[in-house]
Amino acid sequence: MSAAAAAPDEGKILSRVAAPEEAQFERQLRPRSFEEYVGQEQAVASLRVSVEAAKLRRECVDHVLLYGPPGLGKTTLAGIIANEMGTSLVPTSGPAIERGAELMGILTNLAEHDVLFIDEVHRLPRPVEELLYPAMEDFAVNFVIDKGMHARTLKYALRPFTLVAATTRPGMLSAPLRERFGIFHHLDFYSDAELTRIVTRSAAILESPLEPAGARELARRSRGTPRIVNRLLRRVRDYALVKGEGTVTEDIAHRALDSEGVDARGLDRLDRRFLDAIIDRYKGGPVGLEAVAATINDDAETLSEMVEPYLLKIGFVVRTPKGRCATREAYQHLGKQPPARAPGQQGLFG
Ligand code: ADP
């Protein structure tokens with residue numbers, strides 16, 4: 001079977017971003033306050049101080065840039081900042097704003113101290129991005145009226161607001177935009193203990209019986225990502241209802257996830273195809289990301305944003321100046337014989 005034929009049946013487990021029908025489910029589980037938000041202690045502690053200080057000064061919070069892989073809680077944090085400030089969250093995304101007029105419309109409608117959340121901010125078209133500069137700096141937008149000799153710029157004052165922007169690719173942000181943020185936080189993958197807490201809370205909200213060992217099994221297989229642990233819970237509780245007694249036990253979680261193609265380390269088919277390509281087609285690497293992408297018929301951007309970060313994190317892949325290499329651990333996990341030169345002596349590449 002070709003790689004292209006394998007793609008459509010990969011289902012929603014593989015997608016790291018939320019599918020539309022998932023939005024309602026995510027909203028239900030989304031923490032509304034700093035108390036409910038699990039993990040990311042450093043970012044949370046610092047944002048709490050920023051929010052408290054802003055409230056005491058009756059000002060808005062400085063603009064915030066959050067970066068990290070999808071599903072780690074960037075949108076959730078933006079919502080919490082708005083909640084804690086007692087204002088509204090106005091969500092949008094880089095690709096959704098095609099023209100300057102659309103951004104103008106959004107900015108001029110913001111109420112005082114509202115939080116404007118722009119997801120995938122690195123995808124904002126450049127002319128739109130340039131409109132943001134005075135908006136962020138002076139809370140003003142410049143309208144150009146008339147043309148040629150008669151052209152005049154009118155300054156329109158905005159109500160003070162906080163921009164919370166999220167990106168999976170901080171390196172793709174232009175320097176002028178990056179410089180206009182006062183607060184930066186990198187969100188990292190979650191530990192198994194944190195994901196266990198998250199999924200236990202989610203199960204309680206959904207009133208789904210979940211045994212502690214079942215919660216730990218889901219956490220272990222969630223690629224360090226809250227969105228995925230919640231998604232797996234949804235799948236597994238259906239499985240528990242149909243094939244078990246309704247309670248998610250360790251055994252039910254184990255069987256359900258195996259049948260979904262999620263393996264013991266939480267890798268799904270896309271992860272394994274990525275590793276298989278490096279190992280089988282390129283003898284373990286080094287190989288460029290573009291070549292792997294072409295081999296498995298996926299795009300390099302998706303692989304670098306959504307697949308590779310976790311494989312790097314668990315040390316299954318290393319980046320070298322010549323390209324990506326699969327490590328000894330990756331070979332072992334896939335039950336393949338590593339060549340003598342495979343990188344990754346235990347602990348060397350964390
Ligand atoms: P991102 O914007 O980074 O893609 P989201 O903020 O949309 O991620 O989070 C995805 C889902 O994961 C949310 O619906 C939320 O329920 C859950 N989630 C994310 N971070 C946390 C957290 N720290 N604690 C509890 N749940 C979380």
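In this predicted model, Arg255 has a relative accessible area of 35% and is therefore classed as partly exposed, since that value falls between the limits of 20% and 50%. Its salt-bridge partner is Asp251, and the closest N and O atoms of the two residues are 2.7 Å apart. Both residues belong to helix α12, where a spacing of 4 residues places them about one turn of the helix from each other. Asp251 is likewise partly exposed, because its relative accessible area is 42%.

Salt bridges that share partners also join Glu120, Arg123, Arg169, Glu301 and Glu305 into one network.

By the rule applied here, the structure has 24 salt bridges. One of them is formed by the side chains of Arg220 and Glu250, with an N to O distance of 3.6 Å. This pair links distant parts of the chain, as Arg220 lies in helix α10 (residues 212–220) and Glu250 in helix α12 (residues 250–260), 30 residues apart. Arg220 counts as partly exposed because its relative accessibility is 35%, and Glu250, with a relative accessible area of 40%, is partly exposed too. A salt bridge is also formed between Arg235 and Glu260, whose closest N and O atoms are 2.8 Å apart. Here again distant parts of the chain are linked, with Arg235 in helix α11 (residues 226–243) and Glu260 in helix α12, at a separation of 25 residues. The relative accessible area is 25% for Arg235, which is therefore partly exposed, and 24% for Glu260, which is therefore also partly exposed.

A search of the whole structure for aromatic pairs finds 2 of them. Phe139 and Phe161 form an edge-to-face pair, with 5.5 Å from centre to centre and 70° between the planes. The two residues come from distant parts of the chain, 22 residues apart: Phe139 is in the loop between α7 (126–138) and β4 (140–145), whereas Phe161 is in the loop between β5 (152–157) and β6 (162–167). Phe139 counts as partly exposed because its relative accessibility is 22%, while Phe161, at 0%, counts as buried. Phe189 and Tyr310 form an edge-to-face pair as well, at 5.2 Å centre to centre and with 75° between the planes. Because Phe189 lies in the loop between β7 (183–186) and α9 (192–206) and Tyr310 in helix α15, this pair ties together parts that are 121 residues apart in sequence. Phe189 is buried, with a relative accessible area of 13%, and Tyr310 is buried at 10% relative accessibility.

Definitions and conventions. Residues are numbered from 1 along each chain as its sequence is written. This is a predicted model: local features need pLDDT of at least 70, side-chain atom pairs count only at pLDDT 80 or more; totals for chains, interfaces and linings use all residues. Side-chain values use heavy atoms; hydrogens and water are left out. A salt bridge is a side-chain nitrogen of Lys or Arg within 4 Å of a carboxyl oxygen of Asp or Glu. Buried means under 20% relative accessible area, exposed over 50%, partly exposed in between (1.4 Å probe, protein chains only). Rings of Phe, Tyr and Trp (its six-membered ring) pair if their centres lie within 6.5 Å; planes under 30 degrees apart count as stacked, over 60 as edge-to-face and the rest as tilted.
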